[in-house]
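This report describes selected backbone and strand features of one structure. The sequence and the coordinates are shown first.

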Amino acid sequence: MKRVAGMVCSGLLIGITTCIGTAATAQSKTPLPNDPWAPTAINNMPPVASLTNGVWLKGDLHLHSRHSKESSNNPESKIINFCKTVGVDYICITDHDNHVDGDVPNHTWADPEFKSDSVLLLYGAEWTTTRGHGNVFSAHPYDHQRLYFVRDQRDVVIQSVVKELGIHLSANHPMGPKDHFGFSYDMVSSMEVWNSAVWKKNENALLIWDDMLSSGRKITGRGGSDAHHGVPDSPDKATPNSKQATANYVGTPTTWVFATARTREAVVDALTNGRVSVSANPFAPRVEFYADLDQDGKMDMMMGDNTKPTGKPAKFRVQLTGKTVADSTYTVSVVKNGNPFGTFKTTGKNPVIEFTDTPATVGRTYYRVVVEGPSTPYPQVPVSQTLSGNMVGLSNPICFNFDPNF
């Protein structure tokens, strides 16, 4: 009897194994032809905006004034006056909202120093939660407490409030290990891929960014100094953190936007659309990335743009505009769909590299670039050069076949 029972059990095990194997092999390896999620060409692409009707503006999208409790020697007037001395066009002072129970309008924005006749001041704050931090960018005042009060709600609730307020929400220092961004990236329009002058700690942020881009989320990469401390007016006002102002302050790094006008609205629009690059400081060369779709010698799109692929090779151009270091070599690394595509060397007063590739006609394709080389001096924040190392700048991606309604 024991032998028979053993045979029956053996048979059952064989049957179960067979069933599992059949179920596993029955799983689809490729989407079905009528699957709505199958890769397909996107035919409702909006036209690419003008490449000439605009102005490059440089700024900093992560700054703390005295309204953030842990900052020191950094009133808004000092930040704004410093911007004028280094030619920064726009900033967003993003004080911690939890330091004022979410009432940012009656603190940072109500400060009599929150004004400038030349520097564009965005409205925003650092959304500070138990699941991570994010920055809000807006061209107009908004009810920040609406966002603050739902900080511990489910992502779908937060996303609805972001939409209701009409604000640009951005993920801050997403890589952690502390204060990482622990929310869905579906509710943000950009992410901080370069936080502070310390480039080394940002490398994992690029991995997260590539994951988002590869999955169809056209999220803008931006920078932010996250500066908290200013230079004291006199030695007696110095704090243990005062030395940080010589290493990380306004513009380390600098976020460039190609805006249609010199207005707050145009800055936020450009940031949302991705016509953005990031440089180590305000004096470092600006990274510009273009594509010539029909190879007629005229560029048809730039970083941040998205179009339908033609099925033919396109010529891409990377150029450094501004103050380059004389007699130096710059290395341009091209990333395609999250993977290394090619490495190019360039020298000269106006360094340029070009390469050719054919974006796929079905499925998404994107290209972005990272530029390394000699650091550009930033006399006002001298130690920042050492912290940024050989990182010069990076571009946002040029995209093909990304669904604008994703």
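## Pairing around strand 2

In strand 3, leucine 120 is the bridge partner of tyrosine 90. Strand 2 and strand 3 (residues 120–129) pair in the parallel sense over 3 bridges; strands here are DSSP E runs of at least two residues and helices are H or I runs of at least four, numbered from the N terminus. Two strands count as paired if DSSP finds at least two bridges between them.

Strand 1 (residues 55–63) also runs parallel to strand 2, joined by 3 bridges. Between strand 1 and strand 2 the chain passes through helix 2 (residues 76–86), in a right-handed β-α-β crossover. Right-handed means that, with the strands pointing away from the viewer, the path from the first strand over the helix to the second runs clockwise.

## Burial of strand 2

In a regular strand, side chains alternate between the two faces of the sheet. Strand 2 (residues 90–93) is covered on both faces, with Tyr90 and Cys92 buried on one side and Ile91 and Ile93 buried on the other. Buried denotes under 20% relative accessible area, exposed over 50%, and partly exposed the range in between (1.4 Å probe, protein chains only).

## Backbone exceptions

The peptide bond from threonine 252 to proline 253 is cis, with omega near 10 degrees. Proline 253 lies in the loop between strand 7 (220–224) and strand 8 (254–259).

Glutamine 295, a non-glycine residue, has a positive phi near 55 degrees and is partly exposed at 38% relative accessibility. Asparagine 401 likewise has a positive phi, near 70 degrees, but is buried at 2%.

## Basis of the model

The model is predicted: local features need pLDDT of at least 70, side-chain atom pairs count only at pLDDT 80 or more, and totals for chains, interfaces and linings use all residues. Residues are numbered from 1 along each chain as its sequence is written, and side-chain values use heavy atoms, with hydrogens and water left out.
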